[in-house]
Amino acid sequence: MINQGYDLGYVNENEVFLDYRKIARQYNSYYAKIINQCIICYHYEDCLQCFFQIDNFTQEYKCTGFSNRENFSKYLGDIISTIEENPQIIKKIMEKVVIK
Ligand code: SF4
């Protein structure tokens, strides 16, 4: 759920109004606050952190999804262990996961 502090426009009886300049400014401000963590984060290609779920998103925010090399190695190891222990999930992954 996204709270109203992150509104990007409004809807009335006749129209949906999205302020694209505001949206661009807002997103750029979010990225600016976190970019220094993202550029060294091992999850940068599969980031699961939703900006809209961050409370108190300030310049000092420490991303809870941030992963260094050690944590990311453990993350991958856990995935491999799970697959080894449950080989039947490979079929589901092959059928349902799309990698772009
Ligand atoms: S998990 Fe956090 S630090 Fe890592 S890429 Fe995503 S937002 Fe950036």
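Reader: How does helix α2 compare with the span expected at 1.5 Å a residue?

Author: Helix α2, residues 69-85, has 17 residues and reaches 24 Å from its first C-alpha to its last, close to the 24 Å expected.

Reader: What kind of model is this?

Author: This is a predicted model, in which local features need pLDDT of at least 70, side-chain atom pairs count only at pLDDT 80 or more, and totals for chains, interfaces and linings use all residues. Residues are numbered from 1 along each chain as its sequence is written.

Reader: Which pattern does the protein chain follow along the sequence?

Author: The pattern is β-β-α-α-α, with 3 helices and 2 strands in the protein chain. The radius of gyration of the protein chain is 19 Å, well over the 13 Å that the globule rule gives for 100 residues, so the chain is more spread out than a compact globule. That radius is taken over C-alpha atoms, and the globule rule is 2.2 Å times the number of residues to the power 0.38.

Reader: What does the C-alpha trace span along its principal axes?

Author: The spans are about 55 × 35 × 20 Å.

Reader: And how many of the residues in α1 are buried?

Author: Of the 19 residues of α1, the number buried is 1, so α1 lies largely in the open. A residue is buried if 20 or more other C-beta atoms lie within 10 Å of its own, exposed if 12 or fewer, and partly exposed in between, with C-beta atoms placed from the backbone. For the protein chain, buried residues make up 1% of the 100 residues.

Reader: Where is the kink in α1 centred?

Author: The kink in helix α1 (residues 20-38) is centred on Ala32 and is about 40°. The bend at a residue is the angle between axes fitted to the seven residues ending there and the seven starting there.

Reader: Back to α2, then. Is Lys74 buried or exposed?

Author: Lys74, which is placed in helix α2, is exposed, with 11 other C-beta atoms within 10 Å. The number of buried residues among the 17 of α2 is 0, so that helix lies largely in the open.

Reader: What is Phe72 in contact with, leaving aside its neighbours within four places in sequence?

Author: Phe72 is in contact with Tyr42, His43 and Ser67; two residues are in contact if their C-beta atoms, placed from the backbone, lie within 7 Å. Phe72 also has its place in helix α2 and is partly exposed, with 15 other C-beta atoms within 10 Å.

Reader: Changing topic, which residues surround the ligand?

Author: The ligand is surrounded by Ile34, Gln37, Cys38, Cys41, His43, Tyr44, Cys47, Gln49, Cys63, Gly65 and Phe66. A residue counts as near a molecule or strand if its C-beta atom, placed from the backbone, lies within 6 Å of it.

Reader: How many of the shell residues are nonpolar, polar or charged?

Author: The shell has 7 nonpolar, 4 polar and no charged residues. Here Ala, Val, Leu, Ile, Met, Phe, Trp, Tyr, Cys and Pro count as nonpolar, Asp, Glu, Lys and Arg as charged, and the others, Gly among them, as polar.

Technical notes
Helices (H or I, at least four residues) and strands (E, at least two) are DSSP runs, numbered from the N terminus. The expected span of a helix is 1.5 Å times one less than its number of residues.
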